[in-house]
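User: I am new to this structure and would like to go through it by question and answer. Please show it and then start with the overall form of the chain.

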Amino acid sequence: MADAGLKEEREVEIPTTLPILPVRDIVIFPYMILPLFVGREMSIKAVDHAVASNRLVMLITQKDVNIETPSSHDLYKTGTVGTILRVLKLPDGRLKLLIQGLAKARVTKYTQTEPYYVGQVEKLPDEQVSEVTVEVEALMRNIKEQVDKSITLGKPLVPDIMVLIENIDDPGRFADLVASNLNLKAEQAQEILEVTDPMVRLKKLNEILNREVELLLVQQKIQSDAKGEIDKTQREYFLREQLKAIQRELGEIDERAEEIQELKKKIEASKMPEKVEKEAIKQIKRLEKMHPDSAEAGTIRTYIDWLIELPWAKSTKDILDLKTAKKVLDEDHYDLEKVKERILEYLGVRKLKEKMKGPILCFVGPPGVGKTSLGKSIARSLGREFFRMSLGGMRDEAEIRGHRRTYVGALPGRIIQGIKTAGSNNPVFMLDEVDKIGMDFRGDPASALLEVLDPEQNNSFMDHYLGVPFDLSNVMFITTANLMDPIPTPLRDRMEVITLSGYTSEEKLGIAKNYLIPKQLKEHGINRKNLKINDSAILQMASHYTREAGVRNLERESANLCRKVARRIAEGKEKTYQVSARNISKYLGVLKYLPEEEMEKDEVGVATGLAWTEAGGDIIYIEATTMKGKGHLTLTGQLGDVMKESAHAALSYIRSRAGQLKINSDLFSKNDIHIHVPAGAIPKDGPSAGITIATAIASAFTGKRVSKAVAMTGEITLRGRVLPIGGLKEKTLAAKRMGIRKIVIPKRNKKDLEDIPKYIKKGMDFVLAETMDEVLKNTLRGSASGKAKA
């Protein structure tokens with residue numbers, strides 16, 4: 001980089017004003033001779049000016065090398081005055097200069113900025129060392145030794161640098177010469193340039209060289225270790241090759257070749273598609289050429305194993321006997337006729353048409369209604385393998401599509417893993433909790449599922465790890481969810497949704513008698529002679545010890561009951577136990593859930609509504625009362641925004657109908673109204689309480705009582721129209737449990753009555769209301785009755 005000449009130092013007259021040449025990534029010291037390439041327009045003009053005058057230029061280093069057009073603030077103040085010894089114009093328009101540093105200087109003021117920088121320059125005299133002390137000589141000697149050691153350790157320096165520094169006695173010039181040849185960072189070199197005291201410069205150089213030698217020693221050790229590892233690997237390779245040659249001469253078996261041959265046989269036996277087989281053979285050829293202990297060989301071997309073990313052509317034969325399939329479904333599950341009918345329809349079509357795509361079903365319902373167990377039952381009825389995969393909390397798209405093989409420890413996605421575990425290409429594949437998929441920076445698993453659950457695309461599902469298509473069209477996918485709302489619309493569109501609503505008390509009784517209790521008796525080592533549970537006890541368990549739409553907690557309470565009896569029998573007490581509604585509390589403790597108290601009489605301002613919850617249907621009492629005030633509406637009971645809006649709409653409707661309802665309009669402005677929904681700790685929301693709130697308000701202002709024997713559900717508009725609602729079956733069950741036999745529902749929900757089993761509708765009167773006037777006629781005491789019997 002630099003050549004420090006040993007010419008006698010000449011005193012050069014430094015003009016007070018010089019053109020300034022900014023340089024990048026290098027600091028130029030006095031006596032330093034080096035080539036410089038100049039390409040910037042402003043720099044070329046500064047050089048032209050210098051060559052035309054005294055060939056002197058002020059060389060200053062840029063603070064930031066990335067700035068193409070530096071301002072005065074982007075340049076250091078201290079630099080070196082240099083003389084241009086030679087100029088060569090290059091074909092690309094740049095100039096190649098040969099420059100020699102003359103003396104340190106500082107720019108005191110910039111007098112010109114266009115078309116190039118010109119500044120007032122002040123020469124910085126180097127402090128002279130009057131006497132070379134022992135400390136100075138020791139520092140210089142130490143620096144010489146460190147430079148020599150650096151060269152020995154492999155640092156690239158000017159070959160004759162040692163000869164040069166041995167012949168220099170001046171400490172300042174010695175420090176500048178060493179610093180200019182060490183390839184220092186621009187910041188370090190600039191720091192040394194700005195110091196005028198030779199002693200301080202020598203100390204700084206000594207520190208830098210000490211660190212450099214330490215780094216070179218560590219670097220040499222790393223290189224030595226790496227070379228040792230390479231030598232060891234090469235030696236092992238040659239020895240193995242020699243061993244192979246000896247084995248071949250002796251006629252012994254080559255294990256490597258035998259292993260490769262075995263893999264080829266397995267590929268042929270797996271009956272892969274042509275495209276997949278081509279990829280597998282290609283990977284085996286790569287494996288043959290690799291060292292068996294290399295990391296990549298292990299990765300390729302794992303990949304080939306995955307390709308071989310996947311059931312490309314393995315499938316189970318479906319049981320196409322519809323009677324047998326129906327018997328299996330009935331054995332495992334009580335009721336659920338819609339689901340059973342759908343499976344039998346699939347089998348019917350499958351019997352008539354051998355090649356058909358597997359259906360993609362989605363079971364939606366509250367916890368504990370048997371969605372997952374239903375998947376197992378479907379697999380058993382079809383004679384297929386069953387695999388369950390939970391999607392709850394999944395956030396990484398690679399869980400579905402797999403990781404690319406470039407990553408260490410990469411694996412296929414859980415879809416392909418599940419197919420391999422099932423061992424056939426047509427299992428019943430259950431994707432549990434599809435409504436609880438997450439999403440973050442690693443991708444959106446729900447979007448990745450679109451390809452899996454689309455019958456038009458999944459016949460060539462591409463897993464990132466496999467890199468070859470796999471046919472999923474024979475798989476029967478069943479997804480489960482508690483709620484439909486969180487499932488993205490495109491994903492919902494690909495599935496056939498079957499809703500599993502909550503069970504009635506009668507259904508829970510049947511499930512407990514036929515499935516839950518026999519299972520728990522068996523698990524606890526008890527037989528029917530030891531424990532007899534009558535129907536009233538089961539109904540008591542279902543209604544007062546659990547509050548759920550499904551039967552999960554009912555099974556838990558049954559297990560609790562069996563444990564109590566098992567312990568008593570184990571202690572040598574009685575051998576037979578009879579459990580009824582009267583004595584069940586001895587085993588299960590006090591009742592956990594008390595039913596909502598029935599209203600003793602018709603009351604003013606209290607209306608009975610019906611609500612849907614995740615645990616099934618429930619009844620709610622909505623209370624309205626008036627008091628002297630200024631027409632304010634107060635809502636309490638932890639109501640959601642939709643329910644609050646329903647209350648405002650109901651009040652507006654009643655005010656608009658004040659004349660027809662014979663309510664003095666002044667009452668609205670002179671009275672406050674307070675609407676409260678009991679059980680204030682439970683959040684409540686939804687529009688279906690609209691007609692119930694309106695009825696309670698109408699009752700409060702008219703003074704008419706609301707019939708306690710009537711429950712209602714429906715959304716209200718400002719025009720008084722009654723809009724349809726959902727969850728009618730669950731709401732009807734709630735009313736029936738409370739002994740209410742008359743329900744007011746929206747007229748447009750008449751179609752939903754067909755989905756309610758006859759034994760639930762038996763003894764129930766459904767009033768089909770189209771307007772709020774019809775609701776009030778059937779709920780306020782003394783009004784006419786116009787009901788439609790279901």
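User: What radius of gyration does the protein chain have?

Analyst: This is a predicted model, in which local features need pLDDT of at least 70, side-chain atom pairs count only at pLDDT 80 or more, and totals for chains, interfaces and linings use all residues. Residues are numbered from 1 along each chain as its sequence is written, and side-chain values use heavy atoms, with hydrogens and water left out. The radius is taken over C-alpha atoms, and the globule rule is 2.2 Å times the number of residues to the power 0.38. A compact globule of 790 residues would come near 28 Å, but the protein chain has 45 Å.

User: How many helices and strands does the protein chain have?

Analyst: Both are DSSP runs numbered from the N terminus: helices are H or I with at least four residues, strands are E with at least two. On that basis the protein chain has 26 helices and 28 strands.

User: What percentage of the residues in the protein chain is buried?

Analyst: Buried means under 20% relative accessible area, exposed over 50%, and partly exposed in between, with a 1.4 Å probe and protein chains only. Cysteine 362, at 0%, is buried, and cysteine 562 also counts as buried at 1%. Of the 790 residues in the protein chain, the buried part is 47%.

User: Is isoleucine 725 buried or exposed?

Analyst: Isoleucine 725 sits in the loop between strand S25 (722-723) and helix H24 (728-737). Its contacts (heavy atoms within 4.5 Å), leaving aside neighbours within four places in sequence, include Ser688, Thr713 and Pro746. Because its relative accessible area is 12%, isoleucine 725 is buried.

User: What is the phi of arginine 55?

Analyst: Most residues other than glycine have a negative phi. Arginine 55 lies in the loop between helix H1 (41-52) and strand S4 (56-61), and is partly exposed at 29% relative accessible area. Although it is not a glycine, arginine 55 has a positive phi of about 60°.

User: Where in the chain does glutamate 433 lie?

Analyst: Glutamate 433 has a positive phi near 55°. Because its relative accessible area is 24%, glutamate 433 is partly exposed. Its place is the loop between strand S10 (428-432) and helix H15 (445-452).
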